Amino acid sequence: MPLPHTVIIGAGPAGLTAAYELTRRNAPVEVLEADDVVGGISRTVERDGWRFDIGGHRFFTKVARVEEFWHEVLPDGDFLLRPRMSRIHYRGKLFDYPLRAGNALGNLGIVEAVRCVGSYVWARLRPPADQSHFEGWVSARFGTRLYRMFFKTYTEKVWGFPATELQADWAAQRIRNLSLAGAVRNALLPRRARGADITSLIEEFQYPKLGPGMMWERCAELVTKAGGTVTMGTSVARVHRADGRAVAVTVAGPDGERRIEADHVISSMPLPELVRAVDPPAPPPVLAAADALRHRDFLTVALVVPADAGFPDNWIYVHTPGVRVGRIQNFGSWSPFLVRDGFTCLGLEYFVDEGDDLWESADDDLVTLGTAELEALGLVRPGAVSAGYVVRMPKAYPVYDSGYEQAVETMRHWLAEALPNVHPVGRNGMHRYNNQDHSMLTAMLTVENILDDADHDVWEVNVEEEYHEQADASSSSASADGRHGTGRAAPVLPRRP
């Protein structure tokens, strides 16, 4: 009996993992990618010989089969073992993360440190009356001063809402055991505030020497070599259904439209776009659910500076108010192979919404803005920037807003009933704010469902309660198969009109 022919929508980590798993079992595969670069948000962008990430991707996982996959696709010699270093920029000072008492006290000064302790004590004695939102919840537990220094500005940049409009349950999940606020508190009050179950962040991680895109460029080559097809610049216009299942997809490429027959469809395209592509159309309530979901978008301004203007961190979180940049990467600290001798490239990250003023700004204007903010932060001297590039990444972060869970459930259950051979996978395919390894695992389990008639529920591969990069042995073993989650939490945001 011939193996089923699978059409895969999207050549990001989920789509290419599925393709690789299928082709190594000799199943026919056709991968369709609308962009001209593989890797999705895990791509590596190249401009004039400079290579840089979209957001930065540490190769660290608690899932053994994902680790094995990485090293099967790339030889060990293509991986670097990199130290994990991140700091927080706040009003001209760089704070270690996790915070250390000496560094924190030195940066804050005795007077401000005493004020922070006083603010903490006051919050414990007279907590804010309203703790239903992020600001109230954090302030009640760590004091107003620490909250304003190390939470408010960055959180509002990332999500685009005042902290008073972010729900407290996300803070309760995200800020437990080891956390930024806990680290600040322990730095200032190491004996009184330290919990017995604090764990530490991972101290080093793997990284492909030419960036994460190297993994997915190589994976696409192996899929092709094994007999699969990876077609770039080709988007899916329609998913045809008949007799209770998907039977074909119509794709649009440089040469026009064509129809591809399919036994199965694995989709990592945004879940709402998949639903809207189905023909005959989904019922109105399902289409309304598709219209209800949205994303947060992202752009990077990459600035070339002398190597001595760089910093040892992988990235710096910008908590300083008055600038719009949220985080700054030093790509030379990720890998010397990404930059050139004598220079490095700093990636300024802006969290945006497609169509807003930053998104619509000309590239030259964004380079000018990034340069001015880098200088204003005191990270480079005036005139140090010699070149700049802009990369926009739409739909970088699936947004969790009021009602999103019901919308996802509506689409998920309709697809399962109307098109059981269509399999959503990955970050955007499932509208889940997850990590690369989480996306890969959903694809691996889906392939087993197709070829082995397994009964994996990939929707069980979910966001875990504990921070993904905590080096805690018990949580690592508990989630070794990924079933307890390998993703990250995100706040539930207010719904915009």
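Glu135 counts as partly exposed, at 24% relative accessibility, where partly exposed lies between buried (under 20% relative accessible area) and exposed (over 50%), with a 1.4 Å probe and protein chains only. Its side chain meets that of Lys152 in a salt bridge (3.9 Å, N to O); a salt bridge is a side-chain nitrogen of Lys or Arg within 4 Å of a carboxyl oxygen of Asp or Glu. This is a predicted model, in which local features need pLDDT of at least 70 and side-chain atom pairs count only at pLDDT 80 or more, while totals for chains, interfaces and linings use all residues. Residues are numbered from 1 along each chain as its sequence is written, and side-chain values use heavy atoms, with hydrogens and water left out.

**Salt bridges**

- The structure holds 25 salt bridges.
- Helices (H or I, at least four residues) and strands (E, at least two) are DSSP runs, numbered from the N terminus.
- Lys152 is partly exposed, at 28% relative accessibility.
- Lys152 also meets Glu156 in a salt bridge between side chains (3.1 Å, N to O). Both residues belong to helix H5 and sit 4 residues apart, about one turn of the helix.
- Arg43 and Asp35 form a salt bridge through their side chains (2.9 Å, N to O). Arg43 is buried, with a relative accessible area of 10%, whereas Asp35 is partly exposed, at 26%.

**Sheet**

- An open sheet of 5 strands runs in the order S9-S2-S1-S13-S21, with parallel pairing. Two strands pair if DSSP finds at least two bridges between them.
- Strands S9 (229-231) and S21 (422-424) stand at the edges with a single partner strand each, so one side of each has no neighbour in the sheet.
- From one strand to the next, the twist averages 15°; axes are lines fitted to C-alpha atoms, for helices over the stretch in contact, and angles run from 0 to 180 degrees between N-to-C directions.
- Strands S1 (residues 6-9) and S13 (residues 264-267) run parallel and are joined by 4 bridges. Ile9 has Ser267 in S13 as its bridge partner.

**Helices on the sheet**

- Helix H1 (residues 13-23) packs on the sheet and touches S1, strand S2 (29-32) and S13, contact meaning heavy atoms within 4.5 Å. The direction of H1 makes about 160° with that of S1.
- Helix H16 (residues 436-452) also packs on the sheet, touching S1, S13 and S21. The direction of H16 makes about 175° with that of S13.
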